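I open these entries with the structure itself. My notes on what I looked up follow it.

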Amino acid sequence: MMAPPAPAPDLDELDRRIINALQGGFPLCDEPYQAVAGSLGLSAAELLTRLQRLLDQRILTRFGPMVQVERMGGAFVLAALAVPEARFEEVTQQVNALPEVAHNYRREHALNMWFVIATETPAGIQKVIERIEADTRLAVHAFPKEAEYFVEMKLQA
């Protein structure tokens, strides 16, 4: 049996206009929020307040640039660990202490800790993996990107 669909978020017309305006084409200028706000008939402060509310209410889960780190000379990799339950919090602190680690998530799987390693150079990935393995005494399973797909999806809010 399928779960019933989640209720539609409570968006007013201005929220919908903001979401539609922020899906691509974000201005590259000294005051981009002022530029977007002006096009919507708002102040920058009101736009930022509403945007923060949309994030706080999890209507939006993220708002920010998508950076292709490889084009800047860097690298990233999805990585995972099989962490014994008794050590999960300890290992989480060790892994999260590294500035190269982001997006650390617990999963219900033999590999129960998944995170992203991002470094300024491709050679940095292996150094961070070796550091995590030395610190935690656990094997890091690295899953480098094999192909990249870009799917631009713009939703009408």
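**Entry 1. The sheet**

Which order do the 4 strands of the open sheet have? I read β2-β3-β1-β4, with antiparallel pairing. β2 (101–106) and β4 (141–143) stand at the edges with a single partner strand each, so one side of each has no neighbour in the sheet. From one strand to the next, the twist averages 25°.

I note the basis of these entries: the model is predicted, local features need pLDDT of at least 70, side-chain atom pairs count only at pLDDT 80 or more, and totals for chains, interfaces and linings use all residues. Residues are numbered from 1 along each chain as its sequence is written, and side-chain values use heavy atoms, with hydrogens and water left out.

For the terms, helices (H or I, at least four residues) and strands (E, at least two) are DSSP runs, numbered from the N terminus. Two strands pair if DSSP finds at least two bridges between them.

I then looked up the pairing of β2 with β3: 4 bridges join these antiparallel strands. Val101 has Ile117 of β3 as its bridge partner.

**Entry 2. Helices on the sheet**

α4 packs on the sheet and touches β1, β2 and β3, its direction making about 165° with that of β2. α5 lies across β1, β2, β3 and β4, at about 140° to β3. Contact here means heavy atoms within 4.5 Å. Axes are lines fitted to C-alpha atoms, for helices over the stretch in contact, and angles run from 0 to 180 degrees between N-to-C directions.

**Entry 3. The cores**

I looked up the nonpolar cores, that is, sets of buried Ala, Val, Leu, Ile, Met, Phe, Trp, Tyr and Cys residues joined through side-chain atoms within 4.5 Å. Buried means under 20% relative accessible area, exposed over 50%, and partly exposed in between (1.4 Å probe, protein chains only).

The largest core has 19 residues, and Leu81, Val95, Met113, Phe115, Ile117 and Ile132 have the most contacts inside it. Two or more residues each come from β1 (75–81), α4 (88–96), β3 (113–119) and α5 (122–136). Apart from this core lies another, of 13 residues, including Leu14, Val36, Leu42 and Leu51.

Within α4 I checked Val91, which is buried at 0% relative accessibility. Among the residues that Val91 touches, beyond four places away in sequence, are Leu81, Met113 and Leu138.

Leu14, Asp15, Ile18 and Ile19 are the residues I found buried in α1. They cover an arc of only 135° around the axis, which puts them on the same side of α1; the arc is that of the directions from the helix axis to the C-beta atoms. The cover over them includes α2 and α3.

Where in the structure is Asp15? Asp15 belongs to helix α1 (residues 13–21) and has a relative accessible area of 2%. Its side chain makes a polar contact with that of Arg50, at 2.8 Å. A polar contact is a pair of N or O atoms within 3.5 Å; within protein, one must be able to donate a hydrogen and the other to accept it, and residues adjacent in sequence count only if both atoms are side-chain atoms.

In α2 (residues 32–40), Pro32, Val36, Ala37 and Leu40 are buried. These residues fall within an arc of 130°, so they line one face of the helix. Gly41, with a positive phi near 75°, follows α2.
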